[in-house]
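Here is a friendly walk through some contacts between side chains. Keep the picture open while you read.

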Amino acid sequence: MTLPIYSGGRPVATIDTDLDGPHLQYDEAWRRDGNSFPISLSMPLGAPRYGPEVAVPWLMNLLPEGEPLRAMTRALGVARDDVLGLIAETGRDLAGALTIGARRTADKPAYRKIDHSRDLEQILAELPSKPFLMGDEGVSMSLAGAQEKLPVALVDGVVAIPVNGASSTHILKPDNPRLIGSVQNEALCMVLGRRCGLKVASATTGTAGERSYLLVERYDRAGEGEAVRRLHQEDFCQALGRPPAAKYEYNGSGVRGPSLPEMFALVRAHMTARDITGLLDAVIFNIAVGNVDSHAKNYSILLGPRQIELAPLYDLMSGLDWPNITQNHAQAVDDQRRGRHIYGRHWRRMADACGLSKPGVLRRIDALTTRLLAELPTAVEQVASMPAGRGRALVKFSESIGRRASLVRANAKLDGQDAEPLEYTDL
């Protein structure tokens with residue numbers, strides 16, 4: 001099988017297979033064009049061809065994981081290990097600027113509006129068995145991750161499904177019955193991050209019948225209607241050549257996942273001091289809100305012709321209040337993964353390993369957690385005013401985040417004694 005890769009209709013590369021597996025070959029005109037960009041930091045334009053050891057992890061990270069992937073393979077009748085077969089069926093609307101597969105047909109890209117709330121509710125109910133609306137005429141799209149989600153567009157304020165290669169502009173994430181209040185939890189973390197000055201994707205909530213959902217504006221899209229442009233991006237697993245199973249630093253895949261020193265080294269090699277500070281703020285924020293799922297696929301990079309920068313944050317959620325959720329963070333700070341047990345000595349050693357100023361890191365922790373605590377009450381009210389309302393646990397989430405942020409700030413000033421959790425009572 002040979003799959004062409006395009007950006008805005010321009011040939012970028014082809015993927016072909018031999019006995020070793022898939023290889024990626026850049027188009028020579030793309031390589032010579034000063035306005036082009038690399039498909040991945042793991043596949044710079046300097047070399048014309050990359051083998052399966054690089055191409056396969058990058059491709060795998062375009063696909064969903066876990067149950068959404070299993071449901072996709074059932075719906076398409078394609079084997080789970082057939083990465084190219086899955087990409088061929090879903091490559092019209094992917095994360096980033098690229099489309100993979102046949103050129104667009106004569107069918108004009110369009111959007112199918114979902115005019116009635118009950119119709120959207122039915123679509124959400126069917127997502128577990130019909131991910132990304134597989135099988136619907138003209139629909140071909142995919143997003144990474146293990147969570148149910150649906151790429152959509154807003155057309156005249158109405159949720160719509162992209163067809164015939166039209167670009168989605170938003171990601172719709174339905175409520176999770178196993179994680180009560182997931183919509184308000186994620187909305188709170190994202191609003192709070194933006195209020196603290198971090199680059200975070202814009203989000204709001206919505207309802208469809210008895211269901212609620214989070215609607216996140218895609219940062220890898222620009223413009224509206226037929227003028228929507230795709231912007232290229234990749235996650236840190238793709239940039240560092242890791243398969244999706246290795247998105248956590250410590251995992252059972254046999255491949256060590258990206259560590260904080262590796263992630264900071266990647267940013268330092270390709271981006272600016274502002275991006276280094278942005279990554280540090282993201283790490284501190286995730287520890288402070290208890291976002292234990294801030295794995296390497298939840299950090300991304302925007303790849304432009306003349307600029308490479310850290311992408312806005314997304315998939316921010318606190319794991320402090322649900323049972324059976326690990327309290328180990330996705331990357332260790334020094335040798336500590338439990339947020340409540342990260343002390344000043346851990347932050348200083350992390351700073352050394354990541355090439356950061358130790359006093360500067362500690363000052364940043366104090367400043368960011370202080371701002372977080374100040375912004376938290378307003379963030380709660382902002383989420384409560386969204387269409388899905390407060391839900392059943394918004395105040396509970398905010399109280400837990402307040403306690404954790406206070407503890408993170410206090411522990412950063414200590415060297416390791418077990419500190420009692422501080423109470424946050426200003427809500």
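The notes below cover cysteines, aromatic pairs and salt bridges.

This is a predicted model, in which local features need pLDDT of at least 70 and side-chain atom pairs count only at pLDDT 80 or more, while totals for chains, interfaces and linings use all residues. Residues are numbered from 1 along each chain as its sequence is written, and side-chain values use heavy atoms, with hydrogens and water left out.

**Cysteines**

- A disulfide is a covalent bond between the sulfur atoms of two cysteines.
- The cut-off used here is a pair of cysteine sulfur atoms within 2.5 Å, and the structure holds 0 disulfides.
- For accessibility, buried means under 20% relative accessible area, exposed means over 50%, and partly exposed is in between (1.4 Å probe, protein chains only).
- C196 is buried, with a relative accessible area of 5%, and C237 is buried as well, at 0%.

**Aromatic pairs**

- Rings of Phe, Tyr and Trp (its six-membered ring) pair if their centres lie within 6.5 Å; planes under 30 degrees apart count as stacked, over 60 as edge-to-face and the rest as tilted.
- By this rule there are 5 aromatic pairs.
- One of them joins Y26 and Y50: the ring centres are 6.3 Å apart and the planes stand at 85 degrees, so the pair is edge-to-face.
- This pair links distant parts of the chain, with Y26 in strand β3 (residues 21–26) and Y50 in strand β4 (residues 49–50), 24 residues apart.
- Helices (H or I, at least four residues) and strands (E, at least two) are DSSP runs, numbered from the N terminus.
- Are Y26 and Y50 buried or exposed? Both are buried.
- W322 and F397 make another edge-to-face pair, because their ring centres are 5.6 Å apart and their planes are at 70 degrees.
- W322 sits in the loop between β16 (308–310) and β17 (328–333), and F397 in helix α12 (residues 394–411), so the pair ties together parts that are 75 residues apart in sequence.
- W322 counts as buried at 11% relative accessibility, and F397 counts as buried at 3%.

**Salt bridges**

- A salt bridge is a side-chain nitrogen of Lys or Arg within 4 Å of a carboxyl oxygen of Asp or Glu, and the structure holds 27 of them.
- E262 and R242 meet in one, at 2.8 Å from N to O.
- E262 lies in helix α8 (residues 260–270) and R242 in the loop between α7 (236–239) and α8, so this bridge ties together parts that are 20 residues apart in sequence.
- E262 is partly exposed at 30% relative accessibility, whereas R242 is buried at 12%.
- R348 forms a salt bridge with D415, and their closest N and O atoms are 2.5 Å apart.
- R348 lies in helix α10 (residues 344–354) and D415 in the segment after α12, so parts that are 67 residues apart in sequence are tied together.
- R348 is partly exposed at 28%, and D415 is partly exposed at 44%.
- K358 and D352 also meet in a salt bridge (3.6 Å, N to O); K358 is partly exposed at 34%, while D352 is exposed at 51%.
- Salt bridges that share partners join D93, R218, D220, R221 and R230 into one network.
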